[in-house]
Amino acid sequence: MDVLSDVVSAARTGRPHSGRVTKSAPFAERFAPVPSAGFHIVLQGTCWLLPSQGEPIALGPGDVAFLPRGSAHGLADDPSTPVSEPPATPTGVHDGRDDETSADRPPTVVMLCGAYLLDGSGPHPLLNDLPEIIHLPTRVGRHRELRAAVELLGVELESDARPGSDTVLLTLLDLLLLYVLRAWFEEQRVSGHSATGWAAALHDPAVAAALRAIHGDPGRSWTVEELGAQARLSRAAFARRFTQLVGQPPLTYLTWWRMTTAARLLRTCDAPVNTIAQQVGYSSQYTFTHAFKRQYGLPPGSYRHHAG
């Protein structure tokens, strides 16, 4: 089981959306915080990303700015340009159409902007481990698959609707999110900035093997010894290493992931609650309901009703 893909599938809700945005100077817009992960990708020109805290970030052609938790931020042609009020739409996308430009105001920047709706009731710690803003500047020869996805997405968005465009866009947006996260974790590994946390966990052979086992079969009655065997470590050494990198003991994470998997199934399928309970390792619906309510604050049936 690919842990990163599994985490993204569990965290996402609804359909991602995106659009091609053109801006002419002067411009400066503020975006309010939203329960989604957003991105801005510069195709042409330059602009500045204005975090709610910290210094402005210069964005040039090919740069990717990803906001994992939908933090408040701004976009401007220059940090000194007064910011407009009220806040703009969350992703900078205006009905998927280009902003108006005129002959006397040539485009300052052309961007791809979009957002992924996330399940805020139980975000994966992998996503919580990310910074408020991920900036991936373009570099020759780096993250070629990310650049390819950006180019394909840009072509699809600038073209008139063609057969299969809905599926193509959704697939490209899924790829884009995975490539952004992969690029970030790779950057952290190469730079050596992350000795702990998920950037290290996904590249640690022992912990990654245990995570793949848990995600591949969450309904199995795993023990710490069995997971340690997957990691080829003693029980004690494995438990210490897993807890250090993941931030939770192995069986605590197993229980948490079972409930996260159950929540996704409750949102996306009509299987009876007792069937879902069995899929995630509970022979007793009562025990499952108690564990689910402890994590989500609602019994499974009520959660399904509210999620629908």
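Helices (DSSP runs of H or I, at least four residues) and strands (DSSP runs of E, at least two) are numbered from the N terminus. By that assignment the protein has 12 helices and nine strands. The structure is a predicted model: local features need pLDDT of at least 70, side-chain atom pairs count only at pLDDT 80 or more, and totals for chains, interfaces and linings use all residues. Residues are numbered from 1 along each chain as its sequence is written, and side-chain values use heavy atoms, with hydrogens and water left out.

**Overall figures**

- Of the 308 residues in the protein, 46% are buried; buried means under 20% relative accessible area, exposed means over 50%, and partly exposed is in between (1.4 Å probe, protein chains only).
- The protein exposes about 14900 Å², and carbon and sulfur atoms supply 53% of that area; accessible areas come from the Shrake-Rupley method with a 1.4 Å probe, and for residues only the protein chains shown count as cover.
- Among contacts (heavy atoms within 4.5 Å) with a separation of 6 or more, 75% are between residues 24 or more positions apart.

**Nonpolar cores**

- A nonpolar core is a set of buried Ala, Val, Leu, Ile, Met, Phe, Trp, Tyr and Cys residues joined through side-chain atoms within 4.5 Å.
- In soluble globular proteins, nonpolar side chains tend to be buried together.
- The largest nonpolar core has 55 residues, and the members that touch the most others are F66, L146, L176, F185, W198, F242 and Y253.
- Helix α4 (residues 165–191) gives the most to this core, with 10 residues.
- Another core lies apart from it and holds 16 residues, including M259, V280, A291 and Y303.
- F185 is in contact with L4, L126, L130, W198, A199, L202 and H203, leaving aside its neighbours within four places in sequence.

**Strand pairing**

- Strands of a sheet pair through backbone hydrogen bonds, either parallel or antiparallel; here two strands count as paired if DSSP finds at least two bridges between them.
- An open sheet is formed by four strands in the order β2-β7-β4-β5, with antiparallel pairing.
- The edges of this sheet are β2 (28–31) and β5 (57–59); each has a single partner strand, so one side of each is left without a neighbour in the sheet.
- From one strand to the next, the twist averages 20°; axes are lines fitted to C-alpha atoms, for helices over the stretch in contact, and angles run from 0 to 180 degrees between N-to-C directions.
- Strands β4 (residues 47–51) and β7 (residues 73–76) run antiparallel and are joined by four bridges; W48 stands opposite A76 in β7.
- Strand β3 (residues 36–45) is joined to β6 by four bridges in an antiparallel arrangement, and A65 in β6 is the bridge partner of H40.
- Strand β6 is also joined to strand β9 (residues 134–136) by three bridges, again antiparallel, with F66 opposite I134 in β9.
- Within strand β6 (residues 64–67), V64 and F66 point one way and A65 and L67 the other way, and all are buried.

**Buried charged-type side chains**

- K23 is found in strand β1 (residues 17–23) and counts as buried at 9% relative accessibility.
- The side chain of K23 makes a polar contact with the side chain of E29 at 3.1 Å; a polar contact is a pair of N or O atoms within 3.5 Å, where within protein one must be able to donate a hydrogen and the other to accept it, and residues adjacent in sequence count only if both atoms are side-chain atoms.
- E156 lies in helix α3 and counts as buried at 14% relative accessibility.
- Not counting residues up to four places away in sequence, E156 touches R162, S165, V168, L169 and L172.

**Backbone geometry**

- Most residues other than glycine have a negative phi, and most peptide bonds are trans.
- A25 and P26 are joined by a cis peptide bond, with omega about 0°; P26 is found in the loop between β1 and β2.
- H143 is not a glycine but has a positive phi of about 55°; H143 is found in the loop between β9 and α3 (144–158) and is buried, with a relative accessible area of 10%.
- R232, also a residue other than glycine, has a positive phi near 60°.
- R232 is found in the loop between α7 (224–231) and α8 (235–246) and is exposed, with a relative accessible area of 78%.
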